[in-house]
Amino acid sequence: MAIVEVKVPQLSESVAEATMLQWKKKAGEAVAADEILIEIETDKVVLEVPAPAAGVLAEIVQGDGATVVADQLIAKIDTEGKAGAAAPAPAAAAAAPAPAAASAPAAAPAAGGSKGDVAMPAAAKLLAENNLSAGDVAGTGKDGRVTKGDVLGAVAGGAKPAVAAPVAIPTGAPKSVLPQVAAPAAQNLGDRPEQRVPMSRLRARVAERLLQSQSTNAILTTFNEVNMAPVMEMRKKFQDQFTKEHGVKIGFMSFFVKAAVHALKKFPVLNASVDGNDIVYHGYFDIGIAVGSPRGLVVPILRNADQMSFAAIEKKIAEFGKKAQEGKLGIEEMTGGTFSISNGGTFGSMLSTPIINPPQSAILGVHATKDRAVVENGQIVIRPMNYLAMSYDHRIIDGREAVLGLVAMKEALEDPSRLLFDI
């Protein structure tokens, strides 16, 4: 037998621990080299753990939902094993009357239940919160135990609580057994169901940073409106040729990025950040683009956006969007940033007050473009209008710089030729 260890990959310096999501393989199953075995979630990204070698997954050391640290052993692969050979071993060991079994009540079946009815501690908590019993969920863990991932999958699939059958609690059962018992039928909410799901590490981190922003920044927001007709006409004129040349369509975001950089050059404090009692002026323009993902909001960075072409910006934003949906954004892609743009318009938002992404000092919010009646030269005309909102840290940015910075963005969008001549 040749055993290869599977360990947690290196985490970033600011990440102390991570959470195991769900194993894609069971003990005893064959795995190929570089095949993804499990995903590990940190408070920033989701990391994929590939198999370091081909063979059989001999043992899963850390189950679904476990908290792990960098370089921790989570599984073992037998490079000389045969599929199915490793699976019976844990079951046989569990069936043997070993003295150690008495000291692990969480691993013992509840009275009247089978091995498959036993829940891991993390799963037991979720079962109770969702008014389910271990028997309501098919277990995929060791010896058929119910894991946290099994419960989350069952809840998502609409598993119904078995409230009619009473749950027997062994006489004199230790307290550690009690959390595995399903919630009493009295807690059944009938046609008013509730679902309690723990925050993912990423969602918890987003919440923490938003609260940090609100509590440490003196946030103020200024607004302006933009006639998007010139941008729309330019897109329409060059769209086919642009797509043919670059293999990507030209969207609004590249114009917003260019307009933002144009304004940041004029008013550098908008691109600055606070460090203690110092103001740090950045001589580069790393623009964060807020992107929604299944696990929460992420802000990947366009590095040196001032040096990027419209095509390069569009390609990078498309890449970020795809990676965000697949949970494959790397930590290095979301680290840093000197200014951010949030486009609520893609979801139909008409107006909002974006929250600054610390340690940055300003953020631009763009919204849906709609035809509106406006006055031009004393005449009422219909124009495609977009409302811009820029939130800024009033500790270092005065109203003058904020307002003039937003006006510079407005002027660049209403006359895109300004971007060519940097005026």
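Student: How far apart are the side chains of Glu-376 and Arg-383, N to O, in their salt bridge?

Tutor: Side chains of opposite charge can pair when their charged atoms come close. A salt bridge here is a side-chain nitrogen of Lys or Arg within 4 Å of a carboxyl oxygen of Asp or Glu. Glu-376 and Arg-383 meet in one at 3.1 Å, N to O. This is a predicted model: local features need pLDDT of at least 70, side-chain atom pairs count only at pLDDT 80 or more, and totals for chains, interfaces and linings use all residues. Residues are numbered from 1 along each chain as its sequence is written, and side-chain values use heavy atoms, leaving out hydrogens and water.

Student: Which parts of the chain does the pair of Glu-59 and Lys-76 link?

Tutor: First, the pair itself: their side chains form a salt bridge at 4.0 Å, N to O. It links distant parts of the chain, with Glu-59 in strand β6 (residues 55-60) and Lys-76 in strand β8 (residues 73-78), 17 residues apart. Strands (E, at least two residues) and helices (H or I, at least four) are DSSP runs, numbered from the N terminus. Glu-59 is partly exposed at 37%. Lys-76 is partly exposed at 26%.

Student: How many salt bridges does the rule give?

Tutor: The count is 13. Lys-316, Glu-319, Lys-323 and Glu-333 are linked in a network of salt bridges.

Student: At what angle do helices α6 and α8 pack?

Tutor: Two packed helices are described by the angle between their axes and the distance between the axes. Axes are lines fitted to C-alpha atoms, for helices over the stretch in contact, and angles run from 0 to 180 degrees between N-to-C directions. Helix α6 (residues 252-266) and helix α8 (residues 399-414) pack at about 135 degrees, with axes 8 Å apart. They are therefore oblique to each other. The cut-offs: under 35 degrees is roughly parallel, over 145 roughly antiparallel, 65 to 115 roughly perpendicular, and the rest oblique.

Student: Which residues make the contact?

Tutor: Contact means heavy atoms within 4.5 Å. Helix α6 gives Phe-255, Phe-256, Ala-259, Ala-260, His-262, Ala-263 and Lys-266. Helix α8 gives Gly-405, Ala-408, Met-409, Ala-412 and Leu-413.

Definitions and conventions
Buried means under 20% relative accessible area, exposed over 50%, partly exposed in between (1.4 Å probe, protein chains only).
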